[in-house]
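Please keep the viewer open as you read.

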Amino acid sequence: MPMVQAMFVKFSALALATLATPQIAVAGEEIEAAPLYVSPAEWAAGCEPWDDWDKPAPPMKITHNVYYVGTCGITVLLVPTDDGHVLIDTGTQSGALVTIDNIKRLGADPQRVSLILYSHEHFDHVGGLSLMQWVSGAPVLSAPEAVDVFRTGKDNPDDPQAGLHEPMQPARNVIQITPGVPVSFGGFEFNPIATPGHSPGALAWQWESCNGDDCKSIVYADSMSPISRDDYKFSDHPEYVAAYREGIARIAALECDILLTPHPSHSKMIERAATGTFEGGVSCAEYAAGKHRDLDARLERETGADQ
């Protein structure tokens with residue numbers, strides 16, 4: 001992929017003084033210099049299933065060079081590299097303040113976020129995008145169906161949840177990518193996987209996290225739940241449902257040592273963290289099977305309501 005050209009923001013002296021943090025030291029893809037983070041079990045002890053989206057949580061090390069910097073209720077991931085940090089999702093506009101603070105608590109610099117990826121284009125996961133871009137100047141990489149959502153802040157009219165929420169702040173720098181074509185950055189290849197359904201532009205991401213010869217396949221799978229406004233019926237949109245099922249099948253076929261999701265409870269992240277590791281517990285195939293059941297149940301309810 002061509003090198004991503006970020007549009008960097010110039011800050012006032014006051015803003016720079018406020019945001020200044022020690023630069024992260026990266027050695028073999030690991031953060032050095034005594035970062036402040038908790039273990040999975042410690043993180044789980046402070047959060048509850050289906051917790052508040054903006055409830056602060058401390059940063060947590062998931063594995064090797066993958067860090068959780070979101071809230072109790074919304075996942076945000078940080079992957080540090082020699083070329084800058086990759087951030088996946090931002091949380092809500094308020095939650096992004098927690099994300100920024102957690103990045104700093106790791107000993108990292110929020111201004112060194114160089115690339116922003118996302119799960120799906122709803123405010124609970126990317127409502128803080130504009131703020132994060134103001135801090136870092138980093139571009140967001142977008143599936144074609146979500147480009148206009150990011151650029152305008154307004155819902156895609158094809159989104160089953162269109163009209164349910166207020167518009168988001170528009171993003172400054174949106175780069176369209178092609179699902180299935182890996183994004184190379186900082187020595188990593190992040191594979192974007194189209195998983196439309198919960199939203200038209202939803203993506204899952206797969207990449208490999210290594211510490212020496214110990215490598216883990218990480219999958220950040222989208223929510224993929226069939227939620228909509230009251231007057232929307234998935235059964236009225238057979239092409240959308242077909243694409244939905246294709247996305248679920250893509251997740252089922254993935255190799256994943258560690259499965260993570262935008263809402264921690266969708267993949268029992270808190271329960272798994274309490275065991276001390278995110279390895280195992282829920283496989284990609286099991287997660288996909290659950291989403292198939294959710295979609296089938298929704299379609300059955302719609303069909304029954306029509307009779």
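**The whole protein**

What you see is a predicted model. The protein has 9 helices and 14 strands. Of its 307 residues, 55% are buried. If you take the contacts between residues at least 6 apart in sequence, 67% of them join residues at least 24 apart.

Strands of a sheet pair through backbone hydrogen bonds, in either a parallel or an antiparallel sense. Here, an open sheet is built from 5 strands in the order 10-11-12-13-14, with mixed pairing. From one strand to the next, the twist averages 25°.

Two pairings are worth a look in the viewer, and the table sets them out.

| Strand pair | Residues | Bridges | Opposite residues |
|---|---|---|---|
| Strand 3 and strand 4 | 60-63 and 66-68 | 3 bridges | Thr63 and Val66 |
| Strand 11 and strand 12 | 188-194 and 203-211 | 4 bridges | Asn191 and Gln206 |

Strand 3 and strand 4 run antiparallel and form a hairpin with 2 residues between them. Which residue in the turn has a positive phi? That is His64, with a phi of about 40°. Strand 11 and strand 12 also pair in the antiparallel sense, and both belong to the open sheet described above.

Conventions:
Residues numbered from 1 in each chain as written. Predicted model: local features only at pLDDT ≥ 70, side-chain atom pairs only at ≥ 80, totals over all residues. Heavy atoms only, no water. Pairing = 2+ DSSP bridges. Axes fitted to C-alpha atoms, helices over the stretch in contact; angles between N-to-C directions. Buried < 20%, exposed > 50% of the residue type's maximum accessible area, 1.4 Å probe, protein only. Contact = heavy atoms within 4.5 Å.
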